[in-house]
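Me: Hi! Could you walk me through this model before I set anything up?

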Amino acid sequence: MEEQEQETEHDSLQPIKESGWSDTARAVFWAALLALAIRSFVVEPFKIPSGSMIPTLLVGDYVLVNKFAYGLRLPITGTLLFEVGEPERGDVIVFRYPDDPRQDFIKRVIGLPGDRIEIKQGRLFVNGQPIDQVPEGDFLYTRVSTGEQQRTLRFRERNADGAEYTVIRVPPATRMRGPGGPWVVPPDRYFMMGDNRDNSADSRRWRNHFVAPDQLKGRAFMLHWSWVVDLGPQPERNFLQDLLHTVWSVVSFQVEEVRWDRIGRSISGVAD
């Protein structure tokens, strides 16, 4: 009788064990599916690999991008399912590089459809009007490509829509003459520039000067991590390769500094 009770008790536990493994597998599956959906349609993290957006964004910053800011799009094709809003002058946006859609770029929106953009003696003009520019002294940073210190001039810009942000330019004595336009933004296109105005590959220098709506990935809104690691030229890495490289950098103590004061900082507005 006792043996029969033990067998019965053992049999009753068996389905529970199987159900536990099944529940765990289902939980992992739905969690992964939810994470993929959030990353595809709502919020996606991006790493800043270059200094084109200094001082707003530094090399080693990790930003969160609101992928729902301008509408819901299919992840691969960029097809718009429905529109929520449109980019505004001053927005910092992640988008597919027009000359090579396999690459993601991050720049600031300077021109909207129909705008006329010009650079005159280092000053930005939109639709014939100069953008307000207030000098704020010097700004010193380390160039990733060479490791050398770069001295620049810092300015606060205020565009016609009231958005304020910070840009830097090299001193006039060392400034090389770049393309000045004018560029007239076609309908349904956008003109992008980096905040590091003299060290940015942007709409002024691309073969295809303008960004199309289906190339937009979202608006960057917050820094969620920032550190100094691996100064110097970086090879191209996909998401998985970059994740593994980051883990290796941590366990092998290659991280030089964690910028704690930048974590959680909003990207809108002027830089510190």
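Me: What should I know about the ground rules?

Reply: This is a predicted model, so to speak of local features pLDDT of at least 70 is needed, and side-chain atom pairs count only at pLDDT 80 or more, while totals for chains, interfaces and linings use all residues. Residues are numbered from 1 along each chain as its sequence is written, and side-chain values use heavy atoms, with hydrogens and water left out.

Me: Where are the cis peptide bonds?

Reply: One joins Ile-54 and Pro-55, with omega about 5 degrees. Another joins Gly-181 and Pro-182, with omega also about 5 degrees. Pro-55 is in the loop between β1 (43-47) and β2 (61-66), and Pro-182 is in the loop between β12 (164-169) and β13 (183-184). Strands here are DSSP runs of E with at least two residues, and helices are runs of H or I with at least four; both are numbered from the N terminus.

Me: Is Gln-121 buried or exposed?

Reply: Gln-121 counts as exposed because its relative accessibility is 83%. The cut-offs are under 20% relative accessible area for buried, over 50% for exposed and partly exposed in between, with a 1.4 Å probe and protein chains only.

Me: And what about Asn-127?

Reply: Asn-127 also has a positive phi, near 55 degrees. Asn-127 sits in the loop between β8 and β9 (129-130), and at 39% relative accessibility it counts as partly exposed.

Me: Switching to strands: how many residues of β6 are buried?

Reply: Seven of the eight residues of β6 (residues 104-111) are buried, so the strand is largely enclosed by the rest of the structure.

Me: Which strands pair with β6?

Reply: Strand β5 (residues 92-96) is joined to β6 by five bridges, running antiparallel, and Arg-96 stands opposite Asp-104. Strand β14 (residues 191-193) pairs with β6 over three bridges, again antiparallel, with Gly-111 opposite Phe-191. Two strands pair if DSSP finds at least two bridges between them.

Me: Now charges. How many salt bridges are there?

Reply: The structure holds 19 salt bridges, each a side-chain nitrogen of Lys or Arg within 4 Å of a carboxyl oxygen of Asp or Glu. One of them pairs Arg-89 with Asp-115, the closest N and O atoms being 2.9 Å apart. That pair links distant parts of the chain, 26 residues apart: Arg-89 is in the loop between β4 and β5, and Asp-115 is in the loop between β6 and β7. Both Arg-89 and Asp-115 are buried.

Me: What about the bridge between Arg-151 and Asp-138?

Reply: Their side chains meet at 3.2 Å, N to O. Arg-151 is in strand β11 (residues 149-158) and Asp-138 in strand β10 (residues 132-142), 13 residues apart. Arg-151 is partly exposed, at 43% relative accessible area, and Asp-138 is partly exposed too, at 49%.

Me: Great, thanks!
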